[in-house]
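Trainee: I have a new structure on my screen and I'd like to learn how to read it. Could we go through a few features together?

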Amino acid sequence: MIEKRIRNLINGSENYELEFKSAKGGFPESFWQTFSAFANTNGGIIVLGIKHTNHKNIPDNLTEELINTYKKRFWDCAHNKEKVSATMLTERDVIDALVDGNRVLIFRIPRATYDIRPVYLNKNPFGNTYKRNHEGDYHCTETEIRQMFADAYHTTLPYDNQILINYSMEDIDIPTLKAYRQRFYLKKENHPWNELNDFDFLCKLGAYRIDRENGNEGFTRAGILMFGKTESITDQVCAPWYFVDYQERMSNNPQQRWSDRIYPDGTWEANLYQFFYKVYNKLTQSLPIPFQLDGAMRYEETSAHVAIREALANTLVHCNYSVHGNIVIIKELDKITFRNPGCMLIPVDDFYTGNHSLCRNPILQKFFMQLGIGEKAGSGADFIIKGCDDNKWNHPTIEEKVQPDRVTMTFYLKETFFEQSVPSLSPVCPQSVLSLSSVCPQSKITNENVAKIVLTSLIIEDLSISLLMLKTGEKNKNRFRQNILNPLIEAGLIEPTIKDKPNSSKQAYRLTENAKELINS
C-alpha cells in the first residue's frame, strides 16, 4: 500500500504542495528555498531524485550510496542554524524509497508552528525567507516577514490587547455599548457587572486596562474595534485599514453586483458589534425558526443558526487587523463566503478536529463569549460541522492564500437553500390556505406549489417580483405575473407595496392583512 502511494506520488505533477528536484549534479541548493516556502505556508512534499520537465517526470537513477550521502547532507544542514533557522522534521518524515528500480528521497515538510515562523536561510530572514503560491516559491516581502515575527510573539501581547494612547469615552459609541449591555443582562441577569457604570463595565470586560509594568492605561484596540465610533476605529493609531463589507448577491442579473450591502457608509457606527448583528440577521433571516420552549423562554435557534453564528464570529476574532484587507461576507443562492485578512495561526486540519484553538484576538473573543457566542475550548468547528450535517450541507472549505495573506471559509449550500429554507406554511396556516382552493380561483393557478412558496416567502419580508422569481425558480416574468401573482392579488392574499405606481422600479409585494389573519389564526 505504501509503495502504491509513493508510485502515485512520483507519477503525479508538481503542484502547490508537491515539488520534484533533480539531484544528478549534487544536493540542489534550491531544495532549501522550497523547504522554507513549504514550512512558512501549508507544508508539502519534496521528492529528490526526479527531474520534472515538459510535464514529464524523469528519474535521476540515483545509487544507494548517493541516497545515503544526500540523507546525511540534509540532516547536517537541517540541524545547522547557519543554514536554516528551524527544522520540524523527524526521521519518519524522510523516506528512502525504491520504486520501479528507481531510488528517490521523499521529504515530508510540515507547516511550521506560528511560534517558529518565519523559517529562513543563512541566518538572515530578510531576503532569505520564502513562501509558496500556485506559481512556486517566492521571496517574502519585508512586511510579510515582520508579520510572521509578530505572530510568533502574539501570545505575549496580542494585537487587540494593546493600549491605545489618547482614546477616551468620547470614542465609544454609547448606543452600541447600551445594546451590548442589554444582551449581557439578558444572558446573565444576576451578574454583578450589571450594577457597574459604563466605564467600570468596560474595564471588567478588558476594553480598558492598566499596564502594571509601566503604568500606562487606556482603551485597548479590542475595546475600540468592538464598541468604538467608525472614525475612532480607522484612525492611524487603531486600525487604519479596517473595512467591513457584507454583500448579498441573490440575483442572476450580471448587471446587478449585489441586491443588498452593508458597509461603512456613514449611516451607522461600523464597529464589530454592530456589524456582527446586522450581518447575522441578514444571513439567518431565511432560516426556519421552530417554536420551542426552553423553560419559560422561547428558543429560536437551530443548529443552522449556530453554525452561521460561529463562522461569522470566527471571521471577526481571527482577523488580522494590522494588515491591509477587508472583512468580506458574501451571501449567494448556493453559498456563504466568510473572508478575512491574515493567515491562520494553526493548520487547517487542527481547525476541523477542534482539539487545538489559538485565537488571534483573545480579547475580542472574550467580548463575544460573554454573550454566549464563540467557543473557548475549541474553534467552534464542532458547532459548524454539526450545523452542516443537520441541514445536509457540504462541510465548509477553508482556503489560505498569500500575496496578500487571507483566509476564506465557504459554506456550500444546496442551490435552492435560500429559496426553500423559509418557514413551512403547514404548522401555521389553516388547510384552506394550504390548498388555496377556498380562497383563490384554482383554475387561474397553474402551479399551486409555486404559489405556496410565494406566500411563505412573504411571511419573512416584502419582495420584488425578481426576487420572488428567484425563490420559485420561475424564468418568464409575464407568465409568473399572469399565473401566480395576479391570482394571489385577486384572492386578496398579497398586494403591491406601491399601489399608485404599479410599474415602479421599487415595486415589491407583501401579504395582505387578510392573509396574515389566516396565517395567525
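Predicted model: local features only at pLDDT ≥ 70, side-chain atom pairs only at ≥ 80, totals over all residues.

Trainee: Which residue stands opposite Lys-56 in S4?

Mentor: That's Thr-53. The hairpin of S3 and S4 has two residues between the strands, and Asn-54 takes a positive phi there, near 50 degrees.

Trainee: And how many bridges pair strand S5 with strand S6?

Mentor: Six, again in the antiparallel sense, with S5 covering residues 94–99 and S6 covering residues 102–109. Here Val-99 stands opposite Asn-102. This hairpin also has two residues between its strands, and Asp-100 takes a positive phi near 55 degrees. As a general idea for any regular strand, side chains alternate between the two faces of the sheet.

Trainee: Now helices. How do I describe two that pack together?

Mentor: In general, you give the angle between the two axes and the distance between them. Take H10 (residues 303–317) and H13 (residues 381–390): they pack at about 140 degrees, with axes 8 Å apart. Their crossing is left-handed.

Trainee: Which residues make the contact between H10 and H13?

Mentor: From H10 you have Ser-303, Ala-304, Val-306, Ala-307, Glu-310, Ala-311 and Asn-314, and H13 brings Phe-383, Ile-384, Lys-386, Gly-387 and Asp-390. Sorted by type, the residues of this contact are six nonpolar, three polar and three charged.

Trainee: Which residues of H13 are buried?

Mentor: Ala-381, Ile-384, Ile-385, Gly-387 and Cys-388. Look down the axis of H13 and those buried residues fall within an arc of 160 degrees, so they line one face of the helix. Just after H13, you'll find Lys-392 with a positive phi of about 60 degrees.

Trainee: What is Phe-35 in contact with, leaving aside neighbours within four places in sequence?

Mentor: The list is Ile-46, Phe-74, Val-84, Ala-86, Thr-87, Met-88, Leu-89, Ile-109 and Val-119.

Note on methods: Residues numbered from 1 in each chain as written. Heavy atoms only, no water. Axes fitted to C-alpha atoms, helices over the stretch in contact; angles between N-to-C directions. Helix = DSSP H or I, 4+ residues; strand = E, 2+ residues; numbered from the N terminus. Left-handed = near helix turned anticlockwise from the far one by under 90°. Contact = heavy atoms within 4.5 Å. Nonpolar A, V, L, I, M, F, W, Y, C, P; charged D, E, K, R; others polar. Pairing = 2+ DSSP bridges. Buried < 20%, exposed > 50% of the residue type's maximum accessible area, 1.4 Å probe, protein only. Arc of directions from axis to C-beta.
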